[in-house]
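Work through each task before reading its solution.

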Amino acid sequence: MKEMTELEPRIVWQYFNEICKIPHPSGKEEQIINYIVNFGKSLGLETITDEVGNILIRKAATPGLEHLTPVVLQSHMDMVCEKNNGTVHDFSKDPIKSVVEGDWLKANDTTLGADDGIGVAAQLAILADDKIQHGPIECLFTVEEETGLTGALNLKAGIIKARRLINLDSEEDAVYCIGCAGGIGTIATFNYKKVSAKGNLFFFEVKVKGLLGGHSGEDIEKERGNSIKILNRFLWTLNQKTPVYLQSIDGGNLHNAIPREASAIAAVEFPQKEQVRVLLNLFISEIEKELPSEKDFCMELQSCDKAETIIDKETTDKLLNALYACPHGVIGMSRDIPGLVETSTNLASIKMKADDNTIIVGTSQRSSVESKKHDIKNQVGSVFALAGADVKYGDGYPGWKPNMNSKVKELVDQSYRKLFKGSPRFEAIHAGLECGLILEKYPDMDMISVGPTIIGNHAPGEKIQISTVQKFWDLLLDVLVAEK
């Protein structure tokens, strides 16, 4: 079996292997920042860092190519850190373990970080190899793309000199991005009271596991199961038949990932014990019919020791009703671009904070129409406000309107046709990219996003297609001298 460092193009995979050894979770990118800063300085290249941790490295043109249009290559340094339940892995210190399977490099029980580690690796390879021909180059590495686009949001106007940008964060070979949706987050906080668990109660834990999950922008139209919605639907249905007393609830982690797992500890009056088990069996059968592609879906139920305290019944009922009413999934399709999701919302996470008696529900909304983004945000917020929750909205980020007359789009098209004797596709996507925020700071920036094929990003088992990395590399090098 091949090792990663034996794959082609070898220089790119060697740097990706180095990146996999360096912890770089969103918000904790200090180690990867230090690595890249030292890398740039060791090559004698101008290396700039800003207040939030973004890095810009400049490299002069290959002698004789100074006349070429300057280009900035851009990727983000952070990765989504997801693992399966039971997997022992500390993203803050453990290297990512990967394996080559045929034409794919994958992580088994964690995310791989090819999103966007492969883009970072390509930038480092170009900076390091003086045999590669190019015009004036800037390499921009941003922080916290996955958890709020913090790096791009705080990027200063004027730091970038080039006005042609190639973002290296697309995830489908021969399909290149020229536009993306904008997004915003809606957070609902429930304040609850701890009350004594009185009476003869049967306590049980119910878990939802094995769902596919995925990216809340790229995969939302696939109608994959949402673990929080499924768990809540069961508890809500049970609550209609007999009072449910909630002790704890947890599900999901990231605003931009469809939640795969969720669990709750609840109780019913002891005589209703068998009703819980009978209802769950019927419920599982229903969900399996609704989600035939979710082959690993399962729900588990086991009895628990009696808890001393539970969430007050009023808050439990309001929470279950609000979660049931909260929309999730595609809200509308684009009227301009066939097949493109225009507006969606993701019920992403639910977390309890025992220290201050709060339950926090995280959601995120996306739309390529700014007014529709705020409309669905307000709809979600209204559901939780009616339930008595405190609702707050994030700052959000803008979309990126496609420029069909883009020069860099034309160059990518020409290079692809020349190299691969085929026609690439240029599309807008429903996912968010940093390009919209960069465009706000640099309105005259000409942009495109390219990349190899990555499947299952934001979920354990994420994998990257090896052969498309070679194509991505060949295309990138050709575009850098396309005006030669």
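**Exercise 1.** In this predicted model, find how many residues line the largest pocket and which of them lie nearest its centre.

*Solution.* Step 1: the lining of the largest pocket is made of 46 residues. Step 2: those nearest the centre are Glu218, Asp219, Lys222, Arg224 and Gly456. Step 4: β20 provides the largest share, with 4 residues.

**Exercise 2.** State the volume of the largest pocket and divide its lining residues by class.

*Solution.* Step 1: the space in the largest pocket is about 1,100 Å³. Step 2: its lining has 18 charged, 17 nonpolar and 11 polar residues.

**Exercise 3.** Describe the second largest pocket by its volume, its central residues and the elements that line it.

*Solution.* Step 1: the second largest pocket holds about 650 Å³ of space. Step 2: 39 residues line the second largest pocket, and Glu146, Thr147, Gly148, His255 and Tyr397 are the closest to its centre. Step 3: the elements giving two or more residues to the lining are β9 (182-191), β17 (341-353) and β18 (358-367). Step 4: β18 gives the largest share, 5 residues.

**Exercise 4.** Divide the lining of the second largest pocket by class.

*Solution.* Step 1: the lining of the second largest pocket includes 19 polar residues. Step 2: the other classes are 12 nonpolar and 8 charged residues.

Definitions and conventions: Residues are numbered from 1 along each chain as its sequence is written. This is a predicted model: local features need pLDDT of at least 70, side-chain atom pairs count only at pLDDT 80 or more; totals for chains, interfaces and linings use all residues. Side-chain values use heavy atoms; hydrogens and water are left out. On a 1 Å grid over the protein atoms alone, a cavity is a set of points where a 1.4 Å probe fits but cannot get out, and a pocket is an open set with protein on both sides within 12 Å along at least five of seven lines; lining residues have an atom within 4 Å of a point. Grid points are joined across faces, edges and corners, and a volume is the space filled by probe spheres set on the points. Ala, Val, Leu, Ile, Met, Phe, Trp, Tyr, Cys and Pro count as nonpolar, Asp, Glu, Lys and Arg as charged, and the others, Gly among them, as polar.
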